[in-house]
Amino acid sequence: MTDIEIARNTKLEEIAKITKKINIENEDLELYGKYKAKISEAVYEKRKDKENGKLVLVTAISPTPLGEGKTTVSIAIADGLRKIGKNSILALREPSLRSCFWNKRRSNRWRKSSSGSYGRY
Amino acid sequence: MAPMEDINLHFTGDLHAMTAANNLLSSMIDNHIYFGNELGFKKVVWKRCMDLNDRQLRKVETGLSGEKKLVPREDSFDITVASEIMAIVCLSKDLKDLKEKLGNIIVGYNNEDKPIFARDLKANGAMAVLLKDAIKPNLVQTLEHTPAIVHGGPFANIAHGCNSIIATKMAMKLSDYVITEAGFGADLGAEKFLDIKCRKAGLKPDAVVLVATIKALKYHGGVEKDKIQEENIEGLEKGIDNLYRHIDNLKNKFGLNVIVALNRYTSDTEEEIQWLENRLNEKKIPVSLVEGWAKGGEGATDIANKLVELVDKPEDFKFMYDDNEEIKEKILKVANKIYGAKDVEYSNEAIENIKRIEDLGYGKLPVCIAKTQYSFSDDPKNLECNNEYNIHVRDVELKAGAGFIVVLAGKIMTMPGLPKVPAAESIDIDEKENIVGIF
């Protein structure tokens, strides 16, 4: 299966269910369809005095044409932390539209922690 | 990451909003000149932008309709992710800060070579309106339903290459563990994440994961691409220096907790993996084999457990330079300490521009060095970096809105072209809206 087949075969959870994992109230969400939402600034304001979570930076050795998989590893780590019962979240970059039309993606190499065309600029 | 097509196409419209804000400013500049040029523009430095690769737009002439009063001028397009607007959105703390930073953009210079700002054109209010939703973080999920905030994506060479400050800070209030990343290798991405983003946001990472692959290390060791899948301990041994240097930078120069994530590929042999783990164990560097591609989160529980311990270890974090140091001193410190270069050489243009920037009072801003990502040096072919080398600075550009100084050490393309056979040729959609060819 390719990345996109795996993504399509995965039943997504509605975004309102995802927000329960991080305790965001529905009133602080702006829904963009069922699976995307914008989070209002009030979410931060309400938690201003709360202790910060731990910040983990994922970086890599010097890139090669072979790809190192920073985003893939980032996703795997966040999922892995949830597997061991920790409350994790990803904070990643959003891709440019241009990335899609540009080059052949290295599809079907990544499976479970698929990152799509992410970060390729 | 899902919904995958959405994220990679229009998503929540952030990039389009940035394109609109960028180009509103351009049209207000030309409109101002059309109606008499009261501010006295002699030179316009603000460029238009678009979120597609199109080399035809690298240099354009505008205002050619021949109408009276219309002043033709040379212009050029950047891709949206390379626009200063993207960097500003990612470095703003809130809407108020965004508006202020937009106002601080230098759009051109007058007859006395004094900068003209976006606020002089009264453009920043309307630009902020266009960006009011774009500064709000987007929430999606991984295929295992882990919450994922996906927000902001600036270039990693002429900009700082990480997601937005607003998103990172919000994520830190929402969860106990926030996983974020920075573009390219650690010499560029992590350095900018630390020296620019963390400096501006008042953050520091509690641990750094350094991703390496057996294949990439062999490539650094000079193994040919078509032989990269064959077992080759010797090649690995030659290439491991690249990994050591990044570890040394992160651990000893920046003073951070580091773990190596060995991202497993199907072609990696047990012997190669064991050899690499042994070398790192000898040096007491934590390492974990990550099998995310095959097993998802299940393939990363070892590193997850190790990280939970690592983030509680004390760090001695330091920036590579202080705000108050001169621009050249800042560049030299990054070149010496992170790139391992002996010295920095400047073109006459770069020297003049550094002086101009310092005279204008912007000398205290951090430096954002645009250098090849393939080598520690500024030569993309110098993979092993065994020889002594200098970094060559071609030019220096002030980004007064975003609040950093771009240092160009090499040629950086801010409007890429498409290849002979672009992926777009194989993208299609059927009547049921199934998209093919994107991934």
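This is a predicted model: local features need pLDDT of at least 70, side-chain atom pairs count only at pLDDT 80 or more; totals for chains, interfaces and linings use all residues.
Two residues are in contact when heavy atoms of theirs lie within 4.5 Å. Chain B brings 125 residues to the contact, and chain A brings 92 residues.

How much area do the two chains bury between them? The size of an interface is often given as the accessible area lost when the parts come together. Here chain B and chain A bury about 10600 Å² between them. Of this area, 63% is on carbon and sulfur atoms. Three residues of chain B stand out: B:K173, B:I179 and B:E181. They supply 9% of the area that chain B buries against chain A, more than any other three residues.

Now turn to chain A and find helix α4, residues 70–83. Helix α4(A) has 14 residues. From its first C-alpha to its last, α4(A) reaches 20 Å, close to the 20 Å expected at 1.5 Å a residue. Is α4(A) mostly covered or mostly open? It is mostly covered, with 12 of its 14 residues buried. Among the buried residues are A:V73, A:I75, A:I77 and A:L81. Charged residues are on that list too, including A:K70 and A:D79. Just after α4(A) comes A:G85, with a positive phi of about 85°.

Next, look at two helices of chain B. Helix α6(B) spans residues 165–174, and helix α7(B) spans residues 186–201. Their axes come within 11 Å and cross at roughly 65°. The crossing is right-handed. Which residues meet there? From α6(B) come B:I165, B:T168 and B:K169. From α7(B) come B:K197, B:K200 and B:A201. By class, this contact has 2 nonpolar, 1 polar and 3 charged residues.

Some backbone details remain. Most residues other than glycine have a negative phi, and most peptide bonds are trans. A:N23 has a positive phi, near 55°. This residue sits in the loop between α2 (15–21) and β1 (29–31) of chain A. Is A:N23 buried or exposed? Exposed means over 50% relative accessible area. A:N23 has 57% relative accessibility, so A:N23 counts as exposed.

B:F184 also has a positive phi near 55°. Its place is in the loop between β10 (177–181) and α7 of chain B. Buried means under 20%. B:F184 has 11% relative accessibility, so B:F184 counts as buried.

Last, go to the peptide bond from B:A2 to B:P3. That bond is cis, with omega near 0°. B:P3 lies in the segment before α1 (4–8) of chain B.

Technical notes. Residues are numbered from 1 along each chain as its sequence is written. Chains are lettered from A and ligands numbered from 1 in the order in which they are written. Side-chain values use heavy atoms; hydrogens and water are left out. Axes are lines fitted to C-alpha atoms, for helices over the stretch in contact, and angles run from 0 to 180 degrees between N-to-C directions. Helices (H or I, at least four residues) and strands (E, at least two) are DSSP runs, numbered from the N terminus. A crossing is left-handed if the near helix is turned anticlockwise from the far one by less than a right angle, and right-handed if clockwise. The expected span of a helix is 1.5 Å times one less than its number of residues. Buried means under 20% relative accessible area, exposed over 50%, partly exposed in between (1.4 Å probe, protein chains only). Buried area is the accessible area (1.4 Å probe) that two parts lose on being put together, summed over both.
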